[in-house]
There are 2 protein chains.
Amino acid sequence: MANLIPIWGVLAASVVALLFAFIFYRQMMKEDEGTPTMKQIAKYVRNGAMAYLKQQYKVVAIVFAVLAIFFAILAYGFHVQNPWVPFAFLTGGLFSGLAGFIGMKTATYASGRTANAASKSLNKGLKVAFRSGAVMGLTVVGLGLLDIAVWFLILSCFYDINTPQALVTVTTTMLTFGMGASTQALFARVGGGIYTKAADVGADLVGKVENDIPEDDPRNPATIADNVGDNVGDVAGMGADLYESYCGAILATAALGASAYFQSGAELQLKAIVAPMLIAAVGIILSIIGIFTVRTKEDAGMKELLKSLSLGTNFSSVLIAGATFLIMYLLNIDNWIGISCSVIVGLVAGVIIGQATEYYTSHSYRPTQKLAESAATGPATVIISGVGLGMLSTAIPVITIAVAIILSFLCANGFDFSMSAEALSMGLYGIGIAAVGMLSTLGITLATDAYGPIADNAGGNAQMSELDPVVRERTDILDALGNTTAATGKGFAIGSAALTGLALLASYIEEIKIGLGHVGRTITNVSGEIIDGAQATIPDIIAYYNVDLMNPVVLTGAFIGAMMSFLFCGLTMNAVGRAAQKMVAEVRRQFREIKGILEGKATPDYSRCVEISTKAAQKEMVFPSLVAIIVPIIVGLVLGVAGVMGLLIGGLASGFVLAIFMANSGGAWDNAKKYVEEGHLGGNSSEAHKATVVGDTVGDPFKDTSGPSLNILIKLMSMVSIVMAGLTVMLH
Amino acid sequence: MANLIPIWGVLAASVVALLFAFIFYRQMMKEDEGTPTMKQIAKYVRNGAMAYLKQQYKVVAIVFAVLAIFFAILAYGFHVQNPWVPFAFLTGGLFSGLAGFIGMKTATYASGRTANAASKSLNKGLKVAFRSGAVMGLTVVGLGLLDIAVWFLILSCFYDINTPQALVTVTTTMLTFGMGASTQALFARVGGGIYTKAADVGADLVGKVENDIPEDDPRNPATIADNVGDNVGDVAGMGADLYESYCGAILATAALGASAYFQSGAELQLKAIVAPMLIAAVGIILSIIGIFTVRTKEDAGMKELLKSLSLGTNFSSVLIAGATFLIMYLLNIDNWIGISCSVIVGLVAGVIIGQATEYYTSHSYRPTQKLAESAATGPATVIISGVGLGMLSTAIPVITIAVAIILSFLCANGFDFSMSAEALSMGLYGIGIAAVGMLSTLGITLATDAYGPIADNAGGNAQMSELDPVVRERTDILDALGNTTAATGKGFAIGSAALTGLALLASYIEEIKIGLGHVGRTITNVSGEIIDGAQATIPDIIAYYNVDLMNPVVLTGAFIGAMMSFLFCGLTMNAVGRAAQKMVAEVRRQFREIKGILEGKATPDYSRCVEISTKAAQKEMVFPSLVAIIVPIIVGLVLGVAGVMGLLIGGLASGFVLAIFMANSGGAWDNAKKYVEEGHLGGNSSEAHKATVVGDTVGDPFKDTSGPSLNILIKLMSMVSIVMAGLTVMLH
């Protein structure tokens, strides 16, 4: 009899996470929101953000409805898919959207309160901002595990999970809720990213560059839109994004576990399935403990603050590393030491990538300082050097991931180099669980990540409410800190996307087997025997479909995959470019036509700018997102399994590297500007500053629109292929 | 008895090419070089260029000596390599360097003469420039085929080419001369690219942007260095580059032919080997005919000129398409219609990619015009839009190559979808011969390509010699035309690199088999029998080494390969950035310290700038080039065959797409600037112009340093792997 107790434990952990999220939310809401002006501005931003999110969810709802109907037809009309797929898909989208919504709601309530708390002391500001970030972190992990646990419990009522085949079916079905999450995340990232960067670029170009007024100045018509953008892009977008990463990693690993232990019977299989969930569950509890350790002395400076945040994260990481061995031992899973080591490999790889990201993008280190120095020769050399920096910065993360792939593979299969079917399945499970390890601290890393935009908005609020400059100084310290933690967070997001992408690639093979079972196909296995497709091993499928590097279809797929990353970035970059130009035109128009804005005698028409960003984001997000969904479908239909595998590996390899490049170039440009603003190289309003502002502006869509969307693209293409596997098999 | 007559025919064609190159060279030398000032300036540039090339060849000679000794040790000490390898390697490097040297020598003699001819009429200017370009085109193809034919004849004296095994040995040995050519080409492209762009960026930033003096103004201290740079980068670099592409495609196809027809006996094999050489040989003759068709009426405008050039190229293309069927029919090769179709597929794909490149980079079309319009909102939006444009522009070329891969594969194997060993070998041969088809018109396309920098330099000469402005206007027309043909040429170079890269990937497998033979290894083939490694088929090798997409080693290799493209670009971008900053500092210093330069009363110190570029290029080119050579060696030693294959496909897919992106973004930025300079959007010295100058400056290293080097990188990594295959096999 299968043991479901661990699943109930996972469910409990998810409820605990949501409970603490609620507690932190209530604590934050009790804080004072400050003066009437502050309240007013916070309300403007909140309303703008909510209005946008509603609009966006309307568009996304249509896409979801169409896709769900399509899946229903495949499931009920053609019987090439599991009947639960349309529902799983919808819940994934719903929960992902919910995570973004709650995070954003919290953030928009928290920013005014953070500004007010910061007017008392830095430490108070940190506490409000960080605890509000924790609401987001815990909501994401809580909703993620909740969805996973509830689905598993529901499906266990309909399938006899004491049979190995049922467990494979259940876990692969649940993967489709990952597709819902990925689809939602892509729209959120792309739409939010376009919104925020159109507003940001527009506000900066006309405000800072042309009229020399500071950031977040109330005279700038785009300033409210800019602050709204931080919420819809950096908060709601990021929430949906990491929800997707988190669930994707756990679900893919569970599916690989079901397959790897297929021959060992349902009991061992179930252990492999719950292992990633348990690691995530324990990660939640330890993250909550970590969150409570974040506190500073009243007179803390930047260094102490960073130390305090790092302490929280590192504390959680070390605890998880230890706890992993304990869980695996108690779970009594085969090769528990090896599998625990795979988890640790992922955890360590994440930390290394985070550190490398910080090294390349923080202005405490030479690369960004050198980048700033290149501003002495103007904007062109800033761009050249920034592109160079970003490209170089790909080396360490890629090598780290390369080593992590091999190590986690070998740890999990007991250093079996044979590439037998069993060694392969076990090893791939190891890669998946390494991704889970990397994301196990998400509760707290996301808290340190999400608090950044809250502090940023708090600064905006302080500036617009014309509070004492010391408040802005304090929120700037919090914001700068947020930049560093955000860089680390991005490293985790990208690294885990690469590992999860590989796990999904392996899950695709599982889904192909199920598809072969659905259509009742027999295949010739590697030993030359004719067997049921559903009984095939990974090497059988690989051989049957010639998924090797000399098959021109695989090579073609790889080219198209590599192109997809660039095409997608090109589309989103251009979207930001177009939207920003509209914003610039509008801001210029207001300065020209509404007399007295610059003297502070007339109020700009904020709502017009909000409207431009909203419309542009709505319009521009649809095409790139649809391309991401449709291309894998077409490749599957035309080129078959080998083409899809080529597409996925091409997209994964180039998308991963491109994402690091774009994120790090963008981050370094941002901080090079901050370095100059801190008084180096001539400081504010020097020529060098102008040059770095150009770099920062270019970096905006790099790091906040195109770059992060790539993480989702990589996984969404796999998810789409997985869901479409049944149809692909039928045709090929 | 094997029939060597076709090889003698190939040799004859190569001699004809060199003969015509010599004739055109003599014709050009007979032209008048103009006034003493013009002669003086041409001499400055020539001497600077020659001095640089000597320096560069010294450094490269050391690298070649070290590598040749290394290969000699592998061949004579460890017996893991053919004894001819070190010599073949050296001749490849020598001839590649020679092609660059002759092309550059011609160009530096031609530029003054072109300026002088243009002072008489546009048509005369075109004739001198274009015929001089033809010297380069014919030298490259002539030397390439000469090297190939002579090596084949020499080796046929030492091996009994009536046996299939000997033909495989001969053709794979010859591949190593491709590695020599690639190594030389990489140094030439990287060194030349850094030289030219350091000078160009430096000259533009201080001259145009800061002091508002025109391009090529004699008051600018960096102007001679800039003109020298055009020669060492765009002429010598491009010559070595395309020499490498040309030989690589032919040699890889010959090796695949030897393997594909292995079972059919030496006679059929030899036909498959000479087929690509014959196509190339006929291409030479038809290119020469095409070159003679390029002439215009005396009062011709830009449109007529372009028509005239296109006519030459199209005429040659159509003739080659027809001739291919005839050659293949006369050669009586198996499936002659199918193989001819593969050639045509390559030819057509090249034309489509060329057209797409023109569409995205010429300011006659909307994309570049829109890019120019984004200048209204400053340099940041120019950069964002240019990056977006370049990324979007990857779609058509990639899809074209994807279709070309599948079609040329299927045409050559008679639409055999079975993926049997035979179908695979034949199909891969088809992909190789498609690359040869794409490059068959190289004699004339390179002429239209190489004439651009000559016209550019002629303009520089006219400006510095203060000739009548009408001369500069005429050379500008020629130069603008050169930009368009250069874009098309780049499309060919990139497209053929992708196809050749795939052919080299297949050749790598051949080399692995030979390596297995060397060490006397037996392997289990796909039918489960134990056979000699040397007798294995492609599927046997694939299965033996698990070169499939579920092998984590392959996946790891793919990640590293994708990273290599970015790392390499990052290194070269940074090199240009650093060198340009030095140049800017020097030009500023001269303006500051040498009184009267800007008033034209004092002569700037040109030689100091030449020295800076030379030193920077020498210093900066070594590290990226060594990385490109060493990484594949390390991957081979550590990860084995599967890792290398992953590395190559990852590098190929992402490098191909990245190269298109960088070339097209750079080209579009250049032409967006020209569009503004033609009087649109406010024309010269408007804010929009300044913004497009920033774009152009950023685009310089994109399109002339990092982008084109990627084509070589892709192939060099394969070549290194091929040469190191013996050692890899010994260890794995």
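Lys and Arg count as positive and Asp and Glu as negative, with His and the chain ends left out of the count. On that basis chain A of this predicted model carries 44 positive and 52 negative charges.

The overall form of chain A was examined next. Chain A contains 19 helices and 2 strands. Along the principal axes, the C-alpha atoms fill a box of roughly 85 × 50 × 45 Å. The radius of gyration of chain A is 25 Å. A compact globule of 732 residues would have a value near 27 Å, so the two agree. Buried residues account for 71% of the 732 residues in chain A. The accessible surface of chain A amounts to about 21,600 Å². Carbon and sulfur atoms supply 63% of that area.

The relation between the two chains was then computed. Chain B is superposed on chain A by a rotation of 180°, with 0.0 Å of shift along the axis. The RMSD of this superposition is 0.0 Å. The two copies are thus related as by a two-fold rotation axis. Within chain B, the residue that comes closest to this axis is B:D548, at 2.1 Å by its C-alpha. The interface residues of chain B are, to 100%, also interface residues in chain A, so the copies meet through the same surface.

Several positions in the helices of chain B were inspected. B:I273 belongs to helix 7, which covers residues 266-293. The relative accessible area of B:I273 is 0%, and the residue is therefore buried. Beyond its neighbours within four places in sequence, B:I273 is in contact with B:F152, B:L167, B:T171, B:A254 and B:A258. B:S721 lies 448 residues from B:I273 in sequence and 22 Å from it in space, C-alpha to C-alpha.

B:T223 is found in helix 6, residues 223-260 of chain B. With a relative accessibility of 2%, B:T223 falls below the 20% limit and so counts as buried. When residues up to four places away in sequence are not counted, B:T223 touches B:D216, B:D217, B:P218, B:M464 and B:Y606.

Helix 15 of chain B is mostly covered, with 39 of its 50 residues buried. The loop between helix 14 (442-464) and helix 15 (469-518) holds B:E466. B:E466 is exposed, at a relative accessible area of 64%. Its phi is near 50°, a positive value in a residue other than glycine. Most residues other than glycine have a negative phi. Helix 15 is followed by B:G520, whose phi is also positive, near 65°.

A further positive phi occurs in chain A. A:N546 is not a glycine, yet its phi is about 50°. This residue lies in the loop between helix 16 (538-544) and helix 17 (552-593). A:N546 has a relative accessible area of 22%. Buried means under 20%, so A:N546 is classed as partly exposed.

A:S607 and A:I224 are 383 residues apart in sequence, yet 8.1 Å apart in space, C-alpha to C-alpha. For A:G655, the C-alpha of A:I494 is separated by 9.7 Å, across 161 residues along the chain. Leaving aside neighbours within four places in sequence, A:G655 is in contact with A:S565, A:G650, A:L710 and A:I714.

Note on methods. Residues numbered from 1 in each chain as written. Chains lettered and ligands numbered in written order. Predicted model: local features only at pLDDT ≥ 70, side-chain atom pairs only at ≥ 80, totals over all residues. Heavy atoms only, no water. Least-squares fit on C-alpha atoms with pLDDT ≥ 70 in both. Contact = heavy atoms within 4.5 Å. Helix = DSSP H or I, 4+ residues; strand = E, 2+ residues; numbered from the N terminus. Buried < 20%, exposed > 50% of the residue type's maximum accessible area, 1.4 Å probe, protein only. Rg over C-alpha atoms; globule rule 2.2 N^0.38 Å. Areas by Shrake-Rupley, 256 points an atom, 1.4 Å probe, with all protein chains shown as cover. Charge placed at Lys NZ, Arg CZ, Asp CG, Glu CD.
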